[in-house]
Each structure stands twice: as C-alpha cells, then as structure tokens.
Amino acid sequence: MRSLLILLSTILISCSPKKSNELQVKKNDITESVYASGIVKSIGQYTVFSTVNGILQSTKVTVGQQISSNQVLFELDSDKAKLNEANSKLVYDLSQNSSRYIQDKIAEMELRVQSAKDKLALDESIYNRNKRIKEFQVISEIDFERVELAYKSSKVAYESAKKQLSQLKAQLNNEQIRNANTLQISKEALGDFEIRSAFSGKLFDILVKDGSLITTQTPLAIVGEMDSFLLELDVDENDMVRVAIGQKVMVTLDSYRNQVFEAVVDKIYPIMDERSRTFKIEAHFVKIPPKLYPNLTAEANIIIQTKRNTITIPKSYLLPGDSVLIDTDKKQKVTVGLSDYQKVEVLQGLQSGTTIYQPE
C-alpha cells in the first residue's frame, strides 16, 4: 500500500503543471527595428500659392478633378495689371511706329559726322601744306599757328560727332529694348493673376472660396500625382544613424487595421528639424494598398537587421545589470545583443532548454 502511495505521488509530481513564471529558453528569430511615424503623401504633392495679392475672382476646377500641366486653377482680379499691360503695349507700339523719326535723327547725325570728317580732311591738307612752306619762311608764325589750331579743332569736332552718333544709336536701341522688356514684364505680371498647375495630376482639395482676399501666404489648393503615393516618415535623431536607403519598412495604417504593409526606404533628408528633433525620410510601398488618400496616418518599423535561430528571452525576464533568474533566488549573468519591443537576444550565459524565472 505504501509503495502504491509513493508511485502515485511521483506520477502527480511529474504531471504537475509548470509554474506561470517559468520559461524554457528556446531559439527564435529576432529583428531589430527603428520606430517612425508619419503620413501618406501623393508623389509630388504640394500646396498651391499665389505669387501676387488680390481678390479671388473665380475657381476653375473642382475637388477630385484630374488636371493637366499648366491648367488654370484660379483667377484673381487683374484689372490694374491689365491697364499696366495696355500702357506698356502702347509705349512699345509708339516706339516701333517712330522708327522713321529715329532713322531721320540718325541720318542727320551721320551727315554731321561726314561734314566734320570733310572739314578735318581740308584743314589737315592746309596744315600739311603750310607746314612744308613754313621752312621757307613764306608764312608767318601767327598764321601757321592759326592753321594748326583750325586743324586741331576740326579733329576734335570730328571725334565728338562720331561719339555723339554712337551714343545716339545706343540710346535709341536701349529705349526700344527697354520698352520691349517693360511690355514683357507687364504680360508676365498679368499672367501671375492666373494660378496654374505645375504638372498633371489630381486636385485633392480647394482651401479658399471665390471673393476671398488672397495673399502670397494663403494656401489655395493641394495637388499631387494621380494614384501614386509614398510614405513621409519622421525618425528620432537618436535612431537616425542606423537608417539607410534600401532598408525594409513594415507599415501599419489606421485605415487598415490589423494589416501590415511592406515598404522600402528610398530617400533621406540630411538635415534635422530643430523643433521636433527628427529627420524626414521617404519610403515607397512594395505593394500599394487598394485605396490610399493623402495625409493618412502611418506608423512604421524600419528593419535594421534580423538574426535567425538565436537564443531570445522576453524583456520582462531580464534583470537590471543584464542577468536572469535560473532558480527562484539564483542569478545568472548574461550578455545581450539585439532587442525588439518584446524580446532580447542572449549572446552568452544561457543555453537552449535552460529554465529561467520571471522576477516578481
């Protein structure tokens, strides 16, 4: 009878359940990742602004509409700009119509140059002739000086006439160019009152109403490419040094609960935002979700590295100072490696199959 009780006790002990704070160490895969958060954006997404101030006269598009490059989106009141353009065109046309007058002035100046040139040639001839006969004392010194002075004066007058002709041509040419430039500037200024799309895509939102006062700081609309999206994520400065282009990203979206989407880092902005102390990165989806909209909230884990078939334990079993309980009151020092949000890798100090205990 006693033997039966001992055997029964042995069976009960061997079949008793494992304590809830016990864990048998096993080998698993562990992935180190960096957390990031951000939004979904349309590729090329930008906010439309006006380059001039004015009253919004009319909106030429509707929300959700597909738009083409250089298409007019908004028109501002441009009466004053139209008047400036009309005045500039009038001045330009007048300058073009006065070409006969301009040519007459140039021709008149050219005659003066030719006259000065002819007088110079005559005075030079007289000067040279009197210079030769002066040796024979046929002409007095005073008369020779008078001839010499006339020659020098003619030379100065000729050079002055040539210079005046050159200045006149340059002045008239510059005036025509200036009038043409003023007209071009007026046309471009008038065009600024038509706000156009920078590229073909989709109009996601209109942020103003007709009749509103528009300034250069007023956002008008949001435009982006059609059905093309990317992830814009913020990474903490402490984690940024481990992020690189080409790394895999596991993404969750509030709009798709319990689903994880894969993406890849393809752009890193190499400057930190001083206010948030984060870096901005961009990633593209490997397989785009069925429906996406700009500004959807996204959370992501950027995969830094993955180790397979390595010893891991839950973080809750790791004591301060990197040790574990291998008995209810006996500690074992361990060396840890990678960690994620739940597990930590043990490099040394534990073997697969060892039982450890969770601290109370």
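So, the largest nonpolar core here has 25 residues. By nonpolar core I mean a set of buried Ala, Val, Leu, Ile, Met, Phe, Trp, Tyr and Cys residues joined through side-chain atoms within 4.5 Å; buried is under 20% relative accessible area with a 1.4 Å probe, counting protein chains only, exposed is over 50%, and partly exposed is in between. L231, V235, V249, V251, L253 and I302 have the most contacts inside this core. At least two core residues come from each of several strands, including strand 2 (26–42), strand 12 (248–253) and strand 15 (297–314). Strands are DSSP runs of E, at least two residues, and helices are runs of H or I, at least four, numbered from the N terminus.

Quick caveat: this is a predicted model, so local features need pLDDT of at least 70 and side-chain atom pairs need 80 or more, while totals for chains, interfaces and linings use all residues. Numbering starts from 1 along each chain as its sequence is written, and side-chain values use heavy atoms, without hydrogens or water.

Now look at V249. Beyond four places in sequence, its contacts (heavy atoms within 4.5 Å) include L233, F261, A283 and I302.

Next, is N130 buried or exposed? N130 counts as buried because its relative accessibility is 12%. You'll find N130 in helix 3, residues 99–133. Its side chain reaches the backbone oxygen of I126 at 2.8 Å. Skipping residues up to four places away in sequence, N130 touches I139, F144 and V147.

Zooming out, the protein has 4 helices and 20 strands. Of its 360 residues, 32% are buried.

Technical notes. Polar contact = N/O pair within 3.5 Å; in protein donor to acceptor, adjacent residues only side chain to side chain.
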